[in-house]
Amino acid sequence: MRSEMTSAGPLLEIDDLTLKLQVGGAELTALEHVSFSLGYGEARGLVGESGSGKSLTLRAILGLLPPNAVVTSGRMVFDGAEFDLAHGSKADARRLERLRGTGISMIFQEPSVALNPVIPVGEQIVDAVMRRDHLRRSQARDYAIHLMKLVGIHDAEHKVDAYEFELSGGLKQRVMIAAAVAGKPKLILCDEPTTALDVTVQRQILSLFTHLRDELDAGLLYVTHDLAVVAQLCDSITVLYSGNVMESSAELGSVFDDPGHPYTEALLRSTPDVDRIGRRLYSIPGSAPSLSDRPLGCPFAPRCEYRQDDCEQARVPDTSTVEGREVHCRHPVGHESGRVQLAKEAR
Ligand SMILES: Nc1ncnc2c1ncn2[C@@H]1O[C@H](COP(=O)(O)OP(=O)(O)OP(=O)(O)O)[C@@H](O)[C@H]1O
């Protein structure tokens, strides 16, 4: 567990982020009162099924939202500097822009989207280095080659002059990781960076992240739907469902051992596990609501095995703390006798 606070507080704090999307004349809520924090050097998994609002959360942090998105509330503190995400001034937008690439970097799911096809990949890393350090171009190139080696590109002296179309998917992703760390960011946002890769390369990239965490001491906010990835890489976890935080904890192990929210418990049960080979994998019944069809009460209630009448009456409780972590549920798993045991047996 490497989560650390400085006396000034965490590296990143997101507080009460609510985001609406204008779609066909309607205003749809995509994120509702989302809050979490990340310590210096900490890796937090931001987890949830497709459409739960993970990418929009990252985009809000970067200030790169789609044109039909409106942040109606939200405050961000990054490395001691405060940003009003809802009513940010032009000066705030310029401060956020300055953070991109130096204070905060992003690694995307699909590297081809982020890499420029007509500029050699090494040049793109050099540009990122020079945004941060006032080096001569030849020095920046040497540093780019060093970074390419750091991310496991063997013949970096040659690959530095290659174009992205000449590289395999795994190598492209390594180049993008090198470009993302070139500006020595304090925070790296990762949006499912291994999803587009085959399983063997996925594993290599994940161990690269583990290695880089030791080298760089950067905070990592890692978006994924895969709890096995979170288990390998992260210290802490925030579980999103339909734009709401369901459960959030600085202690990943405690959530995996005793999930507090029925949704977290269902996600864990539906994660493949080598110990359970041959046993049928649980799948959560039904599907997540669309933005235009969010239920009045807890959004997970229609799929929840433990739902009670009051779950469908009003939104999820604002805060409910169960043993040091936030669980936004009226009837958390383990709070009623026998629940934890039942959940464990089911897993
Ligand atoms: N610009 C947009 N206009 C309309 N709807 C949008 C827009 N961007 C995102 N959405 C919707 O908002 C919801 C949250 O999207 P988001 O991309 O954040 O989900 P996600 O958790 O990252 O999903 P995935 O794992 O599939 O990438 C989804 O229902 C998505 O379809």
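**A pair of strands and what surrounds them**

Tutor: In this predicted model, Lys-20 stands opposite Thr-29 in strand 2.

Student: How many bridges join strand 1 to strand 2, and in which sense do they run?

Tutor: Strand 1 and strand 2 are joined by 9 bridges and run antiparallel. They form a hairpin with 2 residues between them. Gly-24, in the turn, has a positive phi of about 50 degrees.

Student: What is the order of the strands in the open sheet?

Tutor: The open sheet has 4 strands in the order 2-1-4-5, with antiparallel pairing. Its edge strands are strand 2 (26-38) and strand 5 (81-84), each of which pairs on one side only. On average, neighbouring strands of this sheet are turned by 10 degrees against each other, direction ignored.

Student: Which helix packs on the sheet?

Tutor: Helix 1, residues 54-62, packs there and touches strand 1, strand 2 and strand 4. The direction of helix 1 makes about 75 degrees with that of strand 2.

Student: And over how many bridges do strand 1 and strand 4 pair?

Tutor: Strand 1 (residues 12-23) and strand 4 (residues 69-78) pair over 8 bridges, in the antiparallel sense. Within that pairing, Ile-14 stands opposite Met-76 in strand 4.

Student: Changing topic: which residues are closest to the ligand?

Tutor: The closest are Ser-50, Lys-54, Ser-55, Leu-56 and Pro-66, out of 15 residues that surround the ligand. Helix 1 gives the largest share of this shell, 3 residues. Strand 1 and helix 1 each supply at least two residues of the shell.

Student: What is the make-up of that shell by class?

Tutor: The shell around the ligand has 6 nonpolar, 8 polar and 1 charged residues.

Student: Now strand 3. How many of its residues are buried?

Tutor: Strand 3 (residues 43-47) is mostly covered, with 5 of its 5 residues buried. Both faces are covered: Ala-43, Gly-45 and Val-47 lie on one side, Arg-44 and Leu-46 on the other.

Student: Does strand 3 run parallel or antiparallel to strand 8?

Tutor: The two run parallel, and 5 bridges join strand 3 to strand 8 (residues 219-224). Gly-45 stands opposite Tyr-222 in strand 8. Strand 3 also runs parallel to strand 9 (residues 236-241), joined by 4 bridges. The bridge partner of Arg-44 in strand 9 is Ser-236.

Student: Why does Phe-209 count as buried?

Tutor: Phe-209 counts as buried because it has 22 C-beta neighbours inside 10 Å, and the cut-off is 20 or more. Its place is in helix 8 (residues 199-216). The C-alpha atoms of Phe-209 and Ile-177 are separated by 9.0 Å, although these residues are 32 residues apart along the chain.

Student: What share of the whole protein is buried?

Tutor: Buried residues make up 42% of the 347 residues. The protein has 12 helices and 12 strands. Of the contacts with a separation of 6 or more, 65% are between residues 24 or more positions apart.

Student: Finally, what is the mean pLDDT, and where is the pLDDT below 50?

Tutor: The mean pLDDT of the protein is 85, and 89% of its residues reach 70 or more. Over residues 1-7 the pLDDT is below 50, and this stretch has 16 contacts in the model beyond near neighbours in sequence. The pLDDT also stays under 50 over residues 336-347, where the model has 12 contacts beyond four places in sequence. For the complex, the predictor gives an ipTM of 0.98 and a pTM of 0.89.

Definitions and conventions
Residues numbered from 1 in each chain as written. Predicted model: local features only at pLDDT ≥ 70, side-chain atom pairs only at ≥ 80, totals over all residues. Pairing = 2+ DSSP bridges. Axes fitted to C-alpha atoms, helices over the stretch in contact; angles between N-to-C directions. Contact = placed C-beta atoms within 7 Å. Buried ≥ 20, exposed ≤ 12 C-beta atoms within 10 Å, placed from the backbone. Near = placed C-beta within 6 Å. Nonpolar A, V, L, I, M, F, W, Y, C, P; charged D, E, K, R; others polar. pLDDT = per-residue confidence, 0-100.
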